[in-house]
Amino acid sequence: MTPARTLYRDLTLIDGTGAEPVPSAAVVVEDGVIVYAGPSAAAPGARPEDTVESLGGRTLLPGFIDAHVHFGFADGRALATNNSEVSRSLHAFESAERMRLTLEAGVTGARDLGGADAGFRIAQERGLIRGPRLSMALRLMSHTGGHADFTLPSGPDPHDREHSASEIADSPHEVRVSTRRLIRDGADVIKVCATGGLTSPSDGPTDEGVTEEEIAVIVAEGAAHGGRPVAAHAQGAAGIRNAVRGGAASIEHGYLIDDEGIDLMLEHGTFLVPTLTTFDFEDRIHLMSQKAIDTKRALADETYERISHAVSRGVRVAMGTDAGISEHGRNLREPAQMVSVGLTPMGAIVAGTRDAAELVGTVDRVGTVETGKLADLVVCDGDPLADIALLGNRENVVLVVQGGEVVKDTRP
């Protein structure tokens with residue numbers, strides 16, 4: 001039997017490598033894999049049995065990868081209370097709906113950094129739900145009283161062992177055991193809280209959390225079990241330095257990074273995932289505590305200044321939105337945020353495609369539109385290099401293809 005083949009033509013190609021766009025381009029997909037991407041003049045001719053799709057001059061890009069999401073909740077309050085207002089079955093359906101919205105926004109891969117269990121990854125792989133391919137942390141590892149300790153002021157902890165977004169550990173021995181427990185439960189990446197945070201119940205962004213020594217133990221344990229990397233929630237400068245020296249693969253947020261931290265990140269090749277969309281929150285203040293609102297407003301200017309400085313010095317950036325704190329399904333607002341701190345529009349696209357795939361560990365299969373890669377494709381109206389903000393409007397994302405399968409098509 002002749003393999004199924006689709007020819008996309010009449011398009012401008014931005015392939016995710018950082019190369020110049022290719023006008024009058026074509027992309028050929030066979031059995032879910034890209035077999036040609038480049039100028040139309042050199043493309044294979046269409047066979048009678050092929051499907052030919054004219055894209056009407058639109059722009060075709062790789063599927064985006066959001067390296068920091070939380071599908072298990074819709075806002076910080078739901079995280080803190082462990083979704084106590086909904087049943088576990090309803091929570092599963094709501095999480096699946098958030099995954100669908102994210103996929104249709106143009107995000108074909110994501111790294112869930114706490115709040116959802118491995119069943120969501122398995123369900124997506126089996127085709128039971130539609131959403132991005134997932135790499136998962138399952139739970140956030142934190143000290144007692146740290147960023148992921150959600151014990152209520154009255155004393156109870158709403159996070160039971162079976163359904164929890166938190167993993168509490170307080171010593172090198174305990175973090176080793178916790179890492180093994182997370183790996184047993186299906187974690188692909190280990191999320192650690194190296195500082196408090198803007199939404200922390202008991203500490204703040206400049207408070208240090210999991211220590212450098214403990215992070216090094218976690219990194220070693222992850223390396224010994226299939227090379228699972230560490231993603232470090234780190235907002236204050238001291239915690240950022242601890243995380244990088246301990247061997248974390250990425251700094252999540254990094255809002256108050258200093259020059260010493262930047263030096264360390266450049267030395268170690270550590271990625272920065274700045275999640276700047278979380279500062280676009282004024283329409284979501286009804287979902288936030290007053291403490292979080294006040295802290296975000298107080299730190300916004302310094303955050304943008306420090307992240308801009310890190311970008312100017314060459315720290316590698318991967319796209320992440322912290323969706324769950326920010327809004328699910330509007331993930332591609334983040335490229336415009338990255339441009340605001342100094343990336344070019346092309347650099348922001350690469351940060352959300354090839355570089356995010358490198359961080360997540362999938363760059364051999366996705367992240368660019370190149371021969372041999374899976375056909376994860378996004379087609380948008382307009383030119384995102386001229387107006388990067390257009391990607392943030394889901395209506396401009398008119399076609400999404402995941403592994404060769406059309407999962408959204410709103411073209412007239």
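Student: How many helices and strands does the protein have?

Tutor: The secondary structure comes to 11 helices and 16 strands. Helices (H or I, at least four residues) and strands (E, at least two) are DSSP runs, numbered from the N terminus. Keep in mind that this is a predicted model: local features need pLDDT of at least 70, side-chain atom pairs count only at pLDDT 80 or more, and totals for chains, interfaces and linings use all residues. Residues are numbered from 1 along each chain as its sequence is written, and side-chain values use heavy atoms, with hydrogens and water left out.

Student: Okay, sheets next. In which order do the 3 strands of the open sheet come?

Tutor: The general idea is that strands of a sheet pair through backbone hydrogen bonds, either parallel or antiparallel. Here the order is β5-β6-β7, and the pairing is parallel. Two strands count as a pair if DSSP finds at least two bridges between them. The edge strands, β5 (64-69) and β7 (133-136), each pair on one side only.

Student: How many bridges link β6 and β7?

Tutor: Strand β6 (residues 107-112) pairs with β7 over 4 bridges, in the parallel sense. To find the spot, look for Gly109, which stands opposite Arg133 in β7.

Student: Which way do the side chains of β14 point?

Tutor: In a regular strand the side chains alternate between the two faces of the sheet. In β14 (residues 377-380), Leu377 and Val379 point one way, while Val378 and Cys380 point the other way, and all are buried. Buried means under 20% relative accessible area, exposed over 50%, and partly exposed in between (1.4 Å probe, protein chains only).

Student: And what pairs with β14?

Tutor: Strand β4 (residues 51-62) does, in the antiparallel sense over 4 bridges. Strand β15 (residues 397-402) also pairs with β14 in the antiparallel sense, over 4 bridges. Val379 is a handy landmark: Val379 is the bridge partner of Leu60 and stands opposite Leu399 in β15.

Student: How many disulfides are there?

Tutor: A disulfide is a covalent bond between the sulfur atoms of two cysteines. The cut-off used is a pair of cysteine sulfur atoms within 2.5 Å, and this structure holds 0 disulfides. As for individual cysteines, Cys193 is buried, with a relative accessible area of 1%, and Cys380 is buried too, at 0%.

Student: What about the whole protein: how much of it counts as buried?

Tutor: Of the 412 residues, 56% count as buried. The C-alpha atoms fill a box of roughly 70 × 45 × 45 Å, taken along the principal axes.
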